[in-house]
Amino acid sequence: MSEHVILFAGPMGAGKTTAIRALSEIEVVSTEAANSDRAAADKATTTVALDYGEISVNDAEKVRLYGIPGQRRFDFMWSILAERAEGVLLLVNADAENPVEIAIDYVKEFYALYERGGIVIGLTRADLVPESLIEEYANALADEMPDVLIPVFTVDARSNADMTVLLMTLVANVELKQAVAANPGLTSGGAR
């Protein structure tokens, strides 16, 4: 069976567990524990190892969804799970104190995954901030990393439709990079 591994990354409280629950066809395996950092995110529990869900594409192909902990003290799990991953769905709560800087930090952290697969950013809780935030993200990413092209969407992590758009965008980016790697005569703009 062919399998694809996708990471869900982002700070605590951004909606990673919720997003995996919205997409997964199986009951999500979750490693929740009491949240000892209520100042960072006012929620009762937080992921301490991983969340796991899956989607069957067909009889021979499966997508494995791994949510990594948002707290830096659990970042050893990030590298373990990133080894097999093809891409990252980065969720950032748009109403965080510094959402653009948070996104840039995560892009830098997972840059190797961007290069071999892709990263797509989903802004959760975007209904609580001005609409200009998406443009601010795009401009900040372009200024900080001019050679990096990362799609940014506003999403509701509870919505299967929103999360499917994010996932399909990531899959398209991964497939494009794989096609270019397999045929160096191609560029992201088409044939030379």
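Me: How many salt bridges does the structure hold?
Reply: The predicted model holds seven salt bridges.

Me: Which residue pairs with Arg 84, and how far apart are the closest N and O atoms?
Reply: Arg 84 forms a salt bridge with Glu 3, and the closest N and O atoms are 2.2 Å apart. This pair links distant parts of the chain, 81 residues apart: Glu 3 belongs to strand S1 (residues 2-9), while Arg 84 lies in the loop between helix H2 (76-82) and strand S5 (87-93).

Me: Why does Arg 84 count as partly exposed?
Reply: Its relative accessibility is 46%, and partly exposed covers the range between under 20% (buried) and over 50% (exposed). Glu 3, with a relative accessible area of 32%, is partly exposed.

Me: Turning to Asp 95, which side chain meets it?
Reply: Arg 125 does, in a salt bridge of 2.6 Å from N to O. The two are 30 residues apart, with Arg 125 in the loop between strand S6 (119-124) and helix H5 (133-144) and Asp 95 in the loop between S5 and helix H3 (99-109). Arg 125 is partly exposed at 41% relative accessibility, and Asp 95 is partly exposed at 31%.

Me: And what about Arg 158: buried or exposed?
Reply: Arg 158 counts as exposed because its relative accessibility is 65%. Its side chain meets that of Asp 156 in a salt bridge (2.9 Å, N to O). Asp 156 is partly exposed, with a relative accessible area of 28%.

Me: Which residues do salt bridges with shared partners join into one network?
Reply: That network comprises Glu 3, Glu 54, Lys 62, Arg 64 and Arg 84.

Methods:
Residues are numbered from 1 along each chain as its sequence is written. This is a predicted model: local features need pLDDT of at least 70, side-chain atom pairs count only at pLDDT 80 or more; totals for chains, interfaces and linings use all residues. Side-chain values use heavy atoms; hydrogens and water are left out. A salt bridge is a side-chain nitrogen of Lys or Arg within 4 Å of a carboxyl oxygen of Asp or Glu. Helices (H or I, at least four residues) and strands (E, at least two) are DSSP runs, numbered from the N terminus. Buried means under 20% relative accessible area, exposed over 50%, partly exposed in between (1.4 Å probe, protein chains only).
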